Amino acid sequence: MLFASVPPQDASGVSDVDPHKAFGSKTAPVIMEVFSDFQCPACKNLYLTTNRQLMDNYVTTGKVYLIHRDYPLAMHAYSRVAARYARAAAQLGKVEPVEQALYQNQEKWEQSGDVDGTVAAVLSPKEMVKVRELVKGGTVDAAIDKDFALGQMYRVNQTPTTVFHCKGQTYPYSGAMTYDILKQFLNQLLSQ
Amino acid sequence: MMQSSPFNFRRAIIWIGRLVLGGIFVYAGFSKLLMPNTHLWPMFVLRFSLSMNISSFAQQVESYKMISPEASQVVAHTLPFVEIVLGLLLLIGWRLRLWASAITAIMVGFLAVVTRAYLLHMDINCGCFGTPEKLTGWTVVRDGAFAALALIMTIFAFIEARKPHPWTAPEKV
């Protein structure tokens with residue numbers, strides 16, 4: 001019980017990775033865990049600008065293993081609902097279109113609360129039925145809670161927070177970053 | 001001749017104002033630059049920490065929706081340094097009337113900005129210090145108190161400057 005609060009970790013030092021929400025090679029020299037909230041404007045900026053270029057230039061080339069973590073803040077009324085839908089869609093292999101739809105239409109659904117409609121617009125009716133079942137089933141909540149607990153362990157107090165792992169070192173960073181700044185940092189980490 | 005006491009009410013307020021506002025300005029500047037990202041070594045990590053902190057502060061400035069993103073970047077890259085320098089100058093006390101006036105102007109500006117955001121019910125962080133802090137009525141009250149202290153300190157500094165310094169030797173008749 002002494003180590004009960006420390007989550008199980010794999011060889012890379014990162015624990016509880018949902019393969020549906022992780023991108024790139026597990027053996028990449030740099031691992032990035034991004035804790036985000038679907039209703040947070042800074043997370044939207046990070047996702048729609050920086051992460052796109054990151055995926056193209058570092059994740060697909062095997063330099064970075066990118067893990068999306070859910071960290072729905074209590075101050076946002078619909079962020080947990082959105083996280084549930086994204087988790088459920090991830091289980092069907094549809095995480096990217098759903099995350100993109102949620103961030104792109106953030107201003108709309110945060111006013112109306114219509115997360116379901118936003119997700120339904122990018123999935124087929126059959127997929128949507130499965131997503132709704134998963135959301136109602138409650139299993140996705142357990143996964144979200146695990147991410148949240150992990151974030152608390154890293155002392156995440158705002159979103160987005162990115163935790164970099166490289167050569168045994170861990171660097172948690174709060175705030176949205178521009179691609180140019182991130183690129184410089186990653187290149188330095190990779191050249192260490 | 002009549003000589004003002006070194007411990008009169010006005011001087012006490014000036015001292016309190018210098019210590020409180022000077023300390024807060026220095027802390028506010030440092031916290032924006034070095035918090036919440038506090039990795040300081042090696043050098044490329046420090047540079048990334050500073051870039052991240054300034055970038056986060058720029059977003060908080062932008063969230064007030066008063067100036068353009070480019071202008072927010074300029075504010076984020078200059079304000080923390082200005083706060084540190086002004087805070088130190090106030091603590092040192094050199095050219096007090098000048099720097100106290102500058103701090104009063106800035107505090108009144110901060111008060112106007114947070115009051116506007118509060119009245120518009122904007123759901124944002126105040127960006128006052130490095131760590132996220134939701135803008136509430138308390139933020140307005142706190143900035144109002146600091147602005148009042150800055151104003152009183154500045155007025156008293158001008159009044160006291162007209163009197164002979166309490167520690168100067170009296171003129172011989």
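Reader: Which residue stands opposite A:Thr161 in β4(A)?
Author: A:Phe35 does. This is a predicted model, by the way.

Reader: Which strand is joined to β4(A) by six bridges, running antiparallel?
Author: Strand β2 of chain A, residues 30–36.

Reader: And how do β4(A) and β5(A) pair?
Author: Also over six bridges, in the antiparallel sense.

Reader: Is β4(A) mostly covered or uncovered?
Author: Mostly covered. Strand β4 of chain A spans residues 161–166, and six of its six residues are buried.

Reader: Which way do the residues of β4(A) point?
Author: A:Thr161, A:Val163 and A:His165 point one way. A:Thr162, A:Phe164 and A:Cys166 point the other way. Residues on both sides are buried.

Reader: What's the strand order in the whole sheet?
Author: β1-β3-β2-β4-β5, all from chain A. It is an open sheet of five strands with mixed pairing.

Reader: Which strands are at the edges?
Author: β1 and β5 of chain A. Each of them pairs on one side only.

Reader: What holds strands of a sheet together, in general?
Author: Backbone hydrogen bonds, with the strands either parallel or antiparallel.

Reader: New topic. How many salt bridges are there over all chains?
Author: The count is 20.

Reader: Give me one. What does A:Asp18 meet?
Author: The side chain of A:Arg87, in a salt bridge at 2.8 Å, N to O.

Reader: What other salt bridge does A:Arg87 form?
Author: One with A:Asp70. The closest N and O atoms are 2.8 Å apart. A:Asp70 lies in strand β3 of chain A, residues 64–70, and A:Arg87 in helix α2, so the pair ties together parts that are 17 residues apart in sequence.

Reader: And is A:Asp70 buried or exposed?
Author: A:Asp70 is buried, as is A:Arg87.

Reader: Which residues does the network of shared partners join?
Author: A:Asp18, A:Lys21, A:Glu33, A:Arg69, A:Asp70, A:Arg87, A:Glu99 and A:Asp147. Salt bridges that share partners join them into one network.

Reader: What about chain B? What does B:Arg142 form a salt bridge with?
Author: B:Glu133, with the closest N and O atoms 2.9 Å apart. Both B:Arg142 and B:Glu133 are buried.

Reader: Now the two chains together. How many residues are in contact?
Author: 20 residues of chain A are in contact with 16 residues of chain B.

Reader: How much area is buried between them?
Author: About 1600 Å². Carbon and sulfur atoms give 62% of that area.

Reader: How many salt bridges and polar contacts are there between chain A and chain B?
Author: Zero salt bridges. Five residue pairs are in polar contact, both residues at pLDDT 80 or more.

Reader: Which elements of chain A give two or more residues to that side?
Author: α1 (41–59), β5 (169–174) and α8 (179–191). The residues on the side of chain A that touches chain B divide into 12 nonpolar, eight polar and no charged.

Reader: What does B:Gln59 touch?
Author: Leaving aside neighbours within four places in sequence, B:Gln59 is in contact with A:Ala42, A:Asn45 and A:Ala176. B:Gln59 lies in helix α2 of chain B, residues 43–63.

Reader: Last one. Where is A:Lys44, and what does it touch?
Author: A:Lys44 is in helix α1 of chain A. A:Lys44 touches A:Tyr103, A:Gln104, A:Gln106 and A:Glu107, not counting residues up to four places away in sequence. A:Lys44 is buried, with a relative accessible area of 15%.

Conventions: Residues are numbered from 1 along each chain as its sequence is written. Chains are lettered from A and ligands numbered from 1 in the order in which they are written. This is a predicted model: local features need pLDDT of at least 70, side-chain atom pairs count only at pLDDT 80 or more; totals for chains, interfaces and linings use all residues. Side-chain values use heavy atoms; hydrogens and water are left out. Contact means heavy atoms within 4.5 Å. Buried area is the accessible area (1.4 Å probe) that two parts lose on being put together, summed over both. A salt bridge is a side-chain nitrogen of Lys or Arg within 4 Å of a carboxyl oxygen of Asp or Glu. A polar contact is a pair of N or O atoms within 3.5 Å; within protein, one must be able to donate a hydrogen and the other to accept it, and residues adjacent in sequence count only if both atoms are side-chain atoms. Helices (H or I, at least four residues) and strands (E, at least two) are DSSP runs, numbered from the N terminus. Ala, Val, Leu, Ile, Met, Phe, Trp, Tyr, Cys and Pro count as nonpolar, Asp, Glu, Lys and Arg as charged, and the others, Gly among them, as polar. Buried means under 20% relative accessible area, exposed over 50%, partly exposed in between (1.4 Å probe, protein chains only). Two strands pair if DSSP finds at least two bridges between them.
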